[in-house]
Structures are given as C-alpha cells and as structure tokens.
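Visitor: I have a model open and want to go through its contacts. Can you take me through them?

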Amino acid sequence: MKTLLLCALAVAALPASGQNITGTWQGSLKPGERELRTVVKISLVDDKLAAVFYSIDQNPTPVPISSITQDGSTIKMSIAAMGGTYEGRLSQDGNTITGTWSQGNPLPLNLTRATPETAWTIPDPPPPPRQLKADVNPVFEVATIKPHDPNGRGFSLLVGPGGTMTTTSTTLSDLMVFAFGIHTKQIVNGPAWLETEKFDITAKPDQEGIPNEKQLRGEMQKLLAERFHLTFHHDTKELSVYAIMPGKGEPKLTKNDNGGSLPTFGMGPGRLTIRNGTMTDLAGLLQAQVLERPVVDQTGLKDKYDFIIRWTPDPSQFGGRAANAPPPPDNTEAPPDLFTAFQQQLGLKLESTKAPVDVLVLDKVEKPSEN
C-alpha cells in the first residue's frame, strides 16, 4: 500500500456551533494484516481549526492537508496532494469520531480522544536525505546492464537514498524518454529494437547523495553515450501533440511555497498526484507514462503546485495497461475521462493539436555489453 498520511497541517474556519474537537485523537488503519496507528492533533490557530495528522508507524514526513471542517457533529479532512479524504461523525459525549479514510479503497478509521496517559508516542521524523550540491556534475561510476528476464518483475525505474539507480524491464526508448524528458515519438531513426529489447540496470554514482532532476538526467545521458554508444542530433518536426492550456477562470491549483524542495509524484491507472511540481512536470509525466503523443505546456504558469487528477483511462492510455485496471467499486461513481477531469479538477484544458516539436535524430546506437 502506498504511504497514506505522514504529518500535515491545515487551517479551516472554526464552526459557529458544535462540540469542541480540539485535542489529540488517535486510531488505527488496517489496510491488510498490518495495523497503521494514526494520531490527529486539532487546535485553534487565530480562532481557526488547525489539524496535524501523523502516521506514526510510517515515515512521519509532513504532507499538507488541504482543509479541515466541522459542521455540527460531521468532521471532514482532505489532503489534495495525497488524494486522501476523511469523514467522521463525533459522538454525543465528544470522545470518539467514527469515520472513513479514503485513499483509493475506503478504510474505517475511528478516532478516540487521547489523554496524557493513553497518548501514543510520536517518533521524530528521520533526517532528510543529503542532497547533492547543485553545481556537482555526477556520473555513474559503476553500471551493470543485463538483458531482462521475461519471467522477472515488471517495469520500474527507482533512485535510492544514496543516489543508486535501478531499472527493471526498461527499453532504450524508456531510458531516452527519461534521460531527455521527451516522448518516444520524438525519437527519430531509432533501431528496430528501440522498444522491444529490455534491460535491467544497476548504476552507482561516483558520489553519495540525492541528485536533482537535471543531475539525474545528466547521469543517464552519459550512461547512454558510454554503454550504448548513443550519438544524435536535434531537429524540429511538426507532430500531433496534446497541449495543456488555460481554462475558463482561475486554475484550481494549490500553490506550493516550499522553495527548493524536490517535486514528488504518484502514478496509477487513472490517478496522478503531484506535489511541488510545475506544469512542465505535469506535461512530462503525461507524455512519458499516460498519453500516446508528446504533451506541451501552453498555460504560461510558472509556479509550483500540489494537485491530484482522477479519471477513467481509455484503452490508448498507459500504453494499453489501463485496460487491465480493476473497475471502481459498485457503490462508487466512475470518474470522468482525462479531458473532462482537466477542466473540472484543475481548471485547465487538455486539447489535441499539432505543434513544432524538438526531435532527437539518432546517428548511432548499439546494444550494450553486460559489463
């Protein structure tokens, strides 16, 4: 199960009436055999409700809560960046909240008002991973490339805390899409095995630390040049694309003011979560993972945002993998298609059009040796 909630702060108007819900609340989520203890601390900040939510059996790193409201005995909380919501009903004695946490499948979450004697200990959050300095130009010092075992695990591309990258079942097309931030249709003159030969890669950098996106892409570009003997030149070609454009009125986006913190993304069939990301990040994710064409950003928006999109994928999306996704529960209304979701949930438009796009024309590339 994906990380549910870690620690978050939200502010909402204090209701004019209703029982006082300030204090510490705790309860357990049970997504399977494992039990996840949660703690909610509710207080007043400038006469408004403020809530902090911890998942103390997971990594208690803060995730902003979008809103918290109290309407009589009904308590609601939501976290747009995680796609999670909570709704519960306060008991008459004011000591329990019986409710449901929803992040995909709904789960019961009943909260009990804690006392100093019964309150669970909240662990300190772990220190943040060390980031590489922005002026460092890292390379993969050691890289192992092996043909993918067709009986092995499916596609993945991961970066560990020390900066080590591992990929599973990745094609040259996948690696170039990641390294250059392009769509596979922006690769011209590729070999016949561009999208068929799959590789597993473990690449260790020459220095420890988390690289930023530019550094990570640079490492992969150097690896492709060294091990795949990749050379290319740029050209411009008019292609069918999807354009992200302004909608009617103001965008429905939550601005993130966390400064230089790195963006984080979550992806699943019909679900895309971005925290501290730009419209360029959104376009890149859509063209790399979801849509069958390049995606260009024509919004003019330059800030970083937190948001989530939920939609019902069509068979062309996610490389056809979305066709195998399970349908929503019978009691849940299916979300709209992606284009409608853009309008309703983001206040933006996603339109099919044609535009001149940069392409990479391959001059030379070879299958890599294993070591």
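Guide: One definition to start: a charge sits over a ring if NZ of Lys or CZ of Arg is within 6 Å of the ring centre and within 35 degrees of the ring normal. Keep in mind that this is a predicted model.

Visitor: Which ring does the charged end of Arg217 sit over?

Guide: That of Phe178, with the charged end 5.6 Å from the ring centre.

Visitor: And what about Arg293?

Guide: Its charged end sits over the ring of Tyr242, 4.7 Å from the centre.

Visitor: Is Tyr242 buried or exposed?

Guide: Tyr242 counts as buried, because its relative accessibility is 7% and the cut-off for buried is under 20%.

Visitor: OK, ring pairs. How many aromatic pairs are there in the whole structure?

Guide: A search finds five. One of them joins Phe180 and Phe232, edge-to-face, with 5.1 Å centre to centre and 80° between the planes. Phe180 is in helix 1 (residues 172-180) and Phe232 in strand 15 (residues 231-246), so this pair ties together parts 52 residues apart in sequence.

Visitor: How accessible is Phe232?

Guide: Phe232 is partly exposed, at 27% relative accessibility.

Visitor: What does the ring of Tyr242 pair with?

Guide: With Phe339: the centres are 5.7 Å apart and the planes are at 50°, so the pair is tilted. Tyr242 lies in strand 15 and Phe339 in helix 4 (residues 338-346), so parts 97 residues apart in sequence are tied together. Phe339 counts as partly exposed, at 27% relative accessibility.

Visitor: Switching to the cores. Which residues touch the most other members of the largest nonpolar core?

Guide: That core has 25 residues, and the ones touching the most other members are Leu172, Met176, Ile201, Met220, Leu224, Phe228 and Val365. Helix 1 gives the largest share, five residues.

Visitor: What is Met220 in contact with, leaving aside neighbours within four places in sequence?

Guide: Phe140, Met165, Leu175, Phe178 and Ala179. Apart from this core lies another, of 24 residues, including Leu272, Val290, Trp311 and Phe318.

Visitor: How many bridges link strand 18 and strand 20?

Guide: Five, between residues 271-277 and residues 305-310. In strand 20, Arg310 is the bridge partner of Arg271.

Key:
Residues are numbered from 1 along each chain as its sequence is written. This is a predicted model: local features need pLDDT of at least 70, side-chain atom pairs count only at pLDDT 80 or more; totals for chains, interfaces and linings use all residues. Side-chain values use heavy atoms; hydrogens and water are left out. Two strands pair if DSSP finds at least two bridges between them. Helices (H or I, at least four residues) and strands (E, at least two) are DSSP runs, numbered from the N terminus. Rings of Phe, Tyr and Trp (its six-membered ring) pair if their centres lie within 6.5 Å; planes under 30 degrees apart count as stacked, over 60 as edge-to-face and the rest as tilted. Buried means under 20% relative accessible area, exposed over 50%, partly exposed in between (1.4 Å probe, protein chains only). A nonpolar core is a set of buried Ala, Val, Leu, Ile, Met, Phe, Trp, Tyr and Cys residues joined through side-chain atoms within 4.5 Å. Contact means heavy atoms within 4.5 Å.
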